[in-house]
Amino acid sequence: FGMIMGSWAGRIPAMAERVHVSHSALSMVLLCGGLGAVLSYPISSRMMGSLGARKTMLFSGMALLAVLIAIAAAPTVPLLMVAVLSLGITASTFDVAVNSAATKREKQTGKSELSKLHGLGCAGGLAGATLGSVMAGLHIAPVTHFVMLAGPLALALYVGYSQLDAD
């Protein structure tokens with residue numbers, strides 16, 4: 001999660017330049033992410049209730065990776081806004097599922113895991129922002145960067161999903 005968000009944040013200037021968005025319109029684009037997060041709660045509640053944390057984590061995580069690529073490929077400001085709205089929805093749904101799965105694991109093992117998980121998320125954010133900076137410095141397009149990132153992260157997500165107990 002942190003790697004995705006850090007990479008996305010590090011590439012905002014390149015994506016804004018590509019679609020020729022003004023500073024005021026960029027603020028509206030970024031606001032769409034927050035709006036998506038607010039709108040995600042009925043979605044995450046329904047998914048968690050019907051699928052459980054494990055499957056919600058897998059589905060929302062895979063959707064998050066697809067949305068990341070869609071953000072980089074969006075050819076216009078309105079489509080970028082829709083993609084960033086989707087980022088807010090998928091990222092928040094993924095976050096809810098991961099926190100739920102971690103809480104379940106804490107109860108099963110009696111060990112505190114959430115603080116470690118959040119620390120790893122922050123480290124991922126730093127790594128993602130660094131990677132975004134390196135990719136920008138190498139003049140690698142955001143869509144190429146995000147496609148290169150999505151494959152290994154999808155694999156890591158599936159491995160993590162496979163290691164969790166069924167709900």
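**Chat about helix packing and the core**

Reader: Hi! Before we dig in, what kind of model is this, and how is the crossing of helix 4 and helix 5 handed?
Author: Hello! This is a predicted model, and the crossing of helix 4 and helix 5 is right-handed.

Reader: Nice. What angle do those two pack at, and how far apart are their axes?
Author: Helix 4, residues 114-137, packs against helix 5, residues 142-163, at an angle of about 135 degrees, and the axes are 10 Å apart. Because of that angle, helix 4 counts as oblique to helix 5.

Reader: Which residues meet there?
Author: From helix 4 you have Leu131, Gly132 and Met135, and they meet His145, Met148 and Leu149 of helix 5. By type, the residues of this contact are 4 nonpolar, 2 polar and no charged.

Reader: OK, and what is His145 in contact with, sequence neighbours within four places aside?
Author: Its contacts are Ser7, Arg11, Leu131, Gly132, Met135 and Ile140. His145 itself sits in helix 5.

Reader: Switching topic: how does helix 2 pack against helix 5, in angle and axis distance?
Author: Those two pack at an angle of about 175 degrees, with axes 9 Å apart. Angles over 145 degrees count as roughly antiparallel, so helix 2 is roughly antiparallel to helix 5.

Reader: Which residues meet in that contact?
Author: Helix 2 brings residues including Met57, Leu58, Leu65 and Leu68, while those from helix 5 include Phe146, Leu149, Leu153 and Leu157. The residues of this contact divide into 19 nonpolar, 2 polar and 2 charged. Arg54 and Lys55 are among the residues on the helix 2 side.

Reader: Now the largest nonpolar core. How many residues does it have, and which ones touch the most other members?
Author: The core has 32 residues, and Trp8, Met57, Ile71, Leu80 and Val84 touch the most other members. As background, nonpolar side chains in soluble globular proteins tend to be buried together.

Reader: Which helices supply at least two residues of it, and which gives the largest share?
Author: Helix 1 (2-18), helix 2 (23-73), helix 3 (77-109) and helix 5 each supply at least two. Helix 2 gives the largest share, 11 residues.

Reader: Last one! What does Trp8 contact, again leaving out neighbours within four places in sequence?
Author: Trp8 is in contact with Met15, Leu30, Leu68, Ile71, Val84, Leu87 and Phe146.

Technical notes
Residues numbered from 1 in each chain as written. Predicted model: local features only at pLDDT ≥ 70, side-chain atom pairs only at ≥ 80, totals over all residues. Heavy atoms only, no water. Axes fitted to C-alpha atoms, helices over the stretch in contact; angles between N-to-C directions. Helix = DSSP H or I, 4+ residues; strand = E, 2+ residues; numbered from the N terminus. Parallel < 35°, antiparallel > 145°, perpendicular 65-115°, else oblique. Left-handed = near helix turned anticlockwise from the far one by under 90°. Contact = heavy atoms within 4.5 Å. Nonpolar A, V, L, I, M, F, W, Y, C, P; charged D, E, K, R; others polar. Core = buried A, V, L, I, M, F, W, Y, C linked by side-chain atoms within 4.5 Å. Buried < 20%, exposed > 50% of the residue type's maximum accessible area, 1.4 Å probe, protein only.
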